[in-house]
Structures are given as C-alpha cells and as structure tokens.
Amino acid sequence: MDQVSPTHPRLIAEGEFVVLKREDVFKAVQVQRRRKVIFEKQWMYLDNTIGKQYGTTFEVSSGGNLQTKKAEIAAAEPKEAGSDNRNIVDDGRSQKLTREDIEALKEKGIKGDEIVQQLIENSTTFRDKTEFAQEKYIKKKKKKYEALITVLKPSTRILAMMYYAREPGKICQLRYDTLAQMLTLGNIHAGSKVIVMETCAGLVLGAVMERLGGLGSVIQMYPGGGPVRAATDSFGFTKSFYKILTEFPLSKVESLHSGTYSSRSASSETSRVSEEGNESVGEKQSNATDNEENSNPAMDTAQPEEQEDMEASGEGPLHHKDTEKKMQAVQKKQKQDERKRKESEAAALLQAKNADGLMIASRFHPTPVLLSLLEFIAPSRPFVVYCQYKEPLLECFTKLRERGGVVNLKLSETWLRNYQVLPDRSHPKLVMSGGGGYLLHGTTVSTETVKPNTNIEPKTGEPAPKKLKTEEQEC
Amino acid sequence: MCQFKNINSMSFAEYKELIEHGDTAIIFLGHDSMFPVSIQQGGQTQTKYGVIRHSSDLIGKKYGSKVTCSKGGWVYILYPTPELWTMNLPHRTQILYSTDISIITMMLELKPGSVVCESGTGSGSLSHAIIRTVAPTGHLYTVEFHQQRAEKAMEEFQQHKVSHLVTVKNQDVCKEGFGVSDIADAVFLDIPSPWEAIRHAKSALKSEGGRICSFSPCIEQVQRTCLVLAEHGFTEINTLEILLRVYDVRTINLQIPDLGRMTEDKGSSDGSDKSKQISTAQPECALFKSGVSPRETVGHTGYLTFASISLF
C-alpha cells in the first residue's frame, strides 16, 4: 500500500487510511478525492476532510459533501417537563407530523437539527414527559436525523472495536479486550522479535506492529496461499513499519524443523521455485481469483467494502484496466521476488530459535500450531494462544504439560461490561457481549538443567522423587 | 532487520539473554510460587529447595534456565516482564493488575513514542507496563504525593534500568498538576478524587488532543468524574469494567448412577448395551476435561472511564 507521508501527524491527507465514526459505529476507509463512500446508509465524499485535523466532526450536507460541525454542547433547554407518565397514553397520535411531512422536510434539504426541533414542537406529549424522557427523545431523534461523522486516526483500539462490532466472524470473535490481554500478556514492545500466526484478517498482526513501533521484527506465519492483511492495511502504517515484517508459510514449518528447508533454499532459489511451481507459486498467483479454501476469508474481508464503493461511484476502474493489467504482471513478478526474499529472511529469523514472543489467534486447532511454533521461541519468553472455544485450549494445556518447557500456564477469559453514567441514571448497559474468546498463555523455559559450578554431588545424587514433586507443582 | 540488543541496556524495557550482576530476576518455584531477586555478585538467595549462589549459579546463565539448588531441587530463573513484576512486586498501595492494565494500555492508544502522565505512582505496577510500551522514544511523567512512595518508585526505576524513560514528581496532582503542559498523548488517573485533577490533565495533554483514563472503585467517583470531563469538553466518555476469569484445567470423573438396570436385555440389544453390562460389576464413570472456575475470584477492581479530547 502506498502511504502518503503526512505533513502534519494530526492532519488528514489524501490517500491516508482513516476511520469514520457515527455514534458508536466505525468504518475504515481510505481518503480519496471524488470517491463515494457509503456509511450508515448515507453516501458521501471525503474531499472536504483533507487538511482538517483528526477528530474533526462533519455533517453530511446535500450532494454528500461533508461540512465541519462545531460540536454544540446542548440544544435548547427543555422548559417544561412532567414528573411521571401516569397521564401519557400511547394512542399513536402524539406526533402531528406525518411520515410524508417528514420526508418532505428531508427532501427540501432542511438540516437535521431543525427537523428534530420540528418533531419536538409537533409532539403533543413532549412537554408531559419527564426531563429524562425528553432528553432521551431528543437523543434518539438526533441520532436519526442528524448525521454527524467524526474522522479518526486508526488505532488498535478503534479497529479492534470496529471489527468486533462489524465483522466478528472475520476475526474469530476476538473481542477487543481479549486482544488487549494478548498484547500485554505477550509483553509485546519495541525491539522484540515476535512470531504471529493469525487468521483474524491481519488485525492481530497490526496490533503487534503498532506496539513494536517499527523496531524489532515480526514473522507472520500464514496458512494457504498468502498472508491476509486487510485489517493491517487499515492501520495506515508507514513503509518503515512494513520493513520489519516478514512472512513464512505454515506449510513449510515442518521442513524447517527437520532441516530440509535450509538445504533446499540454499541450493538454488530458482530451481526450488520451478520444482514446486505448480504447488506453491501457482497457488500464490491464483490467490486473487481462485476460490481456494484458505484464501477465501481473506477475499471476503477485502471485497465487500470495495464493491460498495464501486457500485456507488458507478464508473468502476474500467478505464484503467488494460494499463493496469500490464502493471499488474510486472508487479506480480516483483511481488514474487519480494516474497521469496522475505520468506528466506523469515526462515533465517525462525531458525535462530530465539524469538521473543508468540501470538496465535486462528480458526485452526491451536494444539499442533502451538507445539510446532513454540520450538522457535527463546526460553523465558511469553506466548499467548487465542481460541474462540475453551475445549481446544483444555487439550492444548494438557499437551503442553506433557511436553514440558513451559511454566506459568494459565487458561483465562475476560468479561467486559459497559456502563451508562448519567446523573441519577447510572447503570450497566442493557446488553453485554456473551463471549470474547479464551486465552492460554505461559512462559517458555529451558529443558536443560544448569549444574551449579560448585556442586560436588554427582548427577545421580539428585533425588528423583523431589524432581517429580516440583514438576507436579508447575502450572 | 533484527534490532541489536545491547547486553547492558535496560532490563525491563528490552529483552536480553544472559543474567548479569544488578539485574532483577524472578525465581520461579512452581505453581504460582515465585519471587523477585536482585542479582548480586557474591549474593545468596534461600529457597525451600536450598540456597542459590548468584555468582556460580546465576550470573552468566541464560534467562529461563533450570537451576539446581543446594538441596537438589530446582527452580527456573525468569526474565522480569512487567506482568511478572506486577505479580511479585512489594505492595506499598493497592495495585492495578495486568487485566486492567491491558485494557488501559489499548484504550489509551499507548505505543512506542507515547508521552504519558500518570498519578498516583503507587507501587509502580502500571508504571512499569507503561514504560515497557512507550519505550524507547516515549516518556512517562508520574506524580505521587506520598514522598516515601515517590522515592521508592524512583529507586526501583533506577534498579530496573528504566529511569531515563520516566520522571517521578512528588507533588499533589489535584493542586499542582503534572508539572508539564501540552506534552502528553494520554493521561491516567488512579486517585481518590480524580475530578479534581481533570483540569490539570487537560493542560498536560497535547493541544491537538489525546486520551484520558480514570480508575475508580466506586460509582459515585465515576459519576463526578464524568460530569467534570464533560464540562471540560472531553468527548467519547465511556465507562467500562473488565473482569478476569481463570480456569483450572482438571480431569473430572462423574460416576454413572445405578438405575437398577437389569442385564437381562442381553439378547435383544446390539453392541451399545454391552458397556452397561460391565457396569453391574463396577460402577461406570464418565471422564472428561473441564475448565473449572475457582470457588472465589475477584469480582470488582474498579470502573475505568475513558474519554477523548480534541482541543480545537
């Protein structure tokens, strides 16, 4: 992705990835001139956001243009209010404006806040409502008629919340607080060498990259034809952030373990490719068109939004097509070379077996993935495995205990509860998430015993029962 | 590609391979039993498995090593991550645990380079996590009004070789603020009356805006804080609570009750009933793995209130 380097970190520039926010709904888009964007059943152009500060709130006006809107604190104070609802009857006739009247107002291009005012004035029961009910009424109507859109800089916080709300299936239902746990328990920080195996549209990868801040290295282990990074791109990372990112196919991990990988890659890059051409490279090429099972979710993630935009703009990228095709052929070749280079780079990083952390969040069974990738991690480093379901992690836990080389094993889950906090009306929100997945995490340790230099006792003098005792206690 | 790791660099903010004099390490004895130790040339540490001599047993060894103690038992020496430190640090106050810390870190959008203001420093549990995340280019300004605690925290930051990433001020944040202005990307408050510090938080934040979080155990505190946040122009005010559920992995054995089933239907049935016949001799059991919740667990730590500000 070409990243336009912003002149000011807080000003929106063309080509940047931003997140649109309306109420609690988010949508990630790239800012492009004269390009229609559909958000919350409204279409709009983002041209006017360019040069404005991140965090600016806009109102959609006629023609889909966005106008800056000063956030006003409160509308007209309600003067009269009832104390209870004993005399309020639901006869369905309290609103004197008909549906047609409202539609007519909208067509005339009347501003949202004026429509809300009209609705209040034409409501016979409004004055009898309690102060709280009036406030609630206004809030509800504003939400419907006043389209205020805030443009935000992407972050793990925003994108994780967005994906969980919009497309939880694409990220294995990984709730944002669970992702937050993963980053902390994995001790992800600048300078680390992290292995990431995820099928969460690249969200976990992006979150890790944000925490590395362009320092250290990330090796993305991918299933199928290629790594999925739809969500990663939405972070709008600069090119320097991508420099530390390499990828390695999961299907070649065994060859790394057995040592057959190194010999093959060392012999000759090109011969290896032609040898395996039908299998691996062909797979990569057909990635975009083929309905190969593993690459499918990836395409789903990327496509709907694209389609939406194309439909809206009506023209599509047709006129570019032939020049684009030639370009694509050249780019494809470059991409292949780049991928090969990155793969051998990743192989070298993995073979050092000194990675600082392991993050797994995939739709695959976690046990084989974890047991295999754990081999690449240095001792005394954290690992975190996410799974949407608890049962596979129970098995994983048992297998890890049998394998040894890990301590501090914990199986956990977090609950998240949001609150409404208003004067005299504070309470937990009506709806809370039923589940955000489970985590298994722990710390790697060395399996070899270090003998104290001054120890006189021979090796056989070590009492075996005691050893067993400690082993049992490890958890 | 791979960052060169300076062996003598900070320990809490960057990994290193070998144990050295002056390091803080975690001695892991097994099953949640561990404690921190300051590695000293010639130092000794007593464990229930006997003594560990730092010079011969630890210094120069790899982190994660299994070390045999004098009585023959063994322990692991772990690298001190902020999370392990949180589990083992000497408490001077009530502390924040990793579950709350993780959501705070994400919701405040902390990353390398972030400038953060915090008050109070307390026992430094959150401070270590913030420093880890904002290193190597960010900075933490932390304010603690209790002089002894402020000094102790400073001492620890030095010991943990992260003092260049943090400034500790001994003052009252509600009266004197954070001692910095227009500098922070995020502010965190864990004080009894956070609403009194909101205006200081606002002036500490960068003029282009930032994020704030306040941690309070009581809803009344949250109530007042939210009102003051709104008064000062903070938006996206959001209060949440996060709870950790830990599961013990156990193999459960449930006995199948004897319902007086006769073994006579032998001839009429197929293979599925064969097991039942055996059950008459021995009570039959069903084995399965389960994630069992502990009988008692943390039900509430505090409410976390987040908000954004855009100062234009």
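**Exercise 1.** Determine where B:Gly124 is found and which record annotation includes this residue.

*Solution.* B:Gly124 is found in the loop between strand S7 (115-119) and helix H4 of chain B; helices (H or I, at least four residues) and strands (E, at least two) are DSSP runs numbered from the N terminus. The model is predicted, so local features need pLDDT of at least 70 and side-chain atom pairs pLDDT 80 or more, whereas totals for chains, interfaces and linings use all residues. Residues are numbered from 1 along each chain as its sequence is written, chains are lettered from A in the order in which they are written, and side-chain values use heavy atoms, without hydrogens and water.

Next, consult the annotation. An unreviewed UniProt entry lists B:Ser123, B:Gly124, B:Ser125, B:Leu126, B:Glu144 and B:Asp190 under "binding site"; such annotations may be inferred rather than shown by experiment. These residues spread over 68 residues of sequence, yet they cluster in space, with a largest C-alpha distance of 13.3 Å.

**Exercise 2.** Describe how H3 and H4 of chain B cross and which residues meet.

*Solution.* First, take the axes, which are lines fitted to C-alpha atoms over the stretch in contact, with angles from 0 to 180 degrees between N-to-C directions. Those of H3(B) (residues 98-107) and H4(B) (residues 125-134) come within 10 Å and cross at roughly 40°. The two helices are therefore oblique to each other, a class left after under 35 degrees (roughly parallel), over 145 (roughly antiparallel) and 65 to 115 (roughly perpendicular).

Finally, list the contacts (heavy atoms within 4.5 Å). B:Ile101, B:Ile104 and B:Thr105 of H3(B) meet B:Ser125, B:Leu126, B:Ala129 and B:Thr133 of H4(B).
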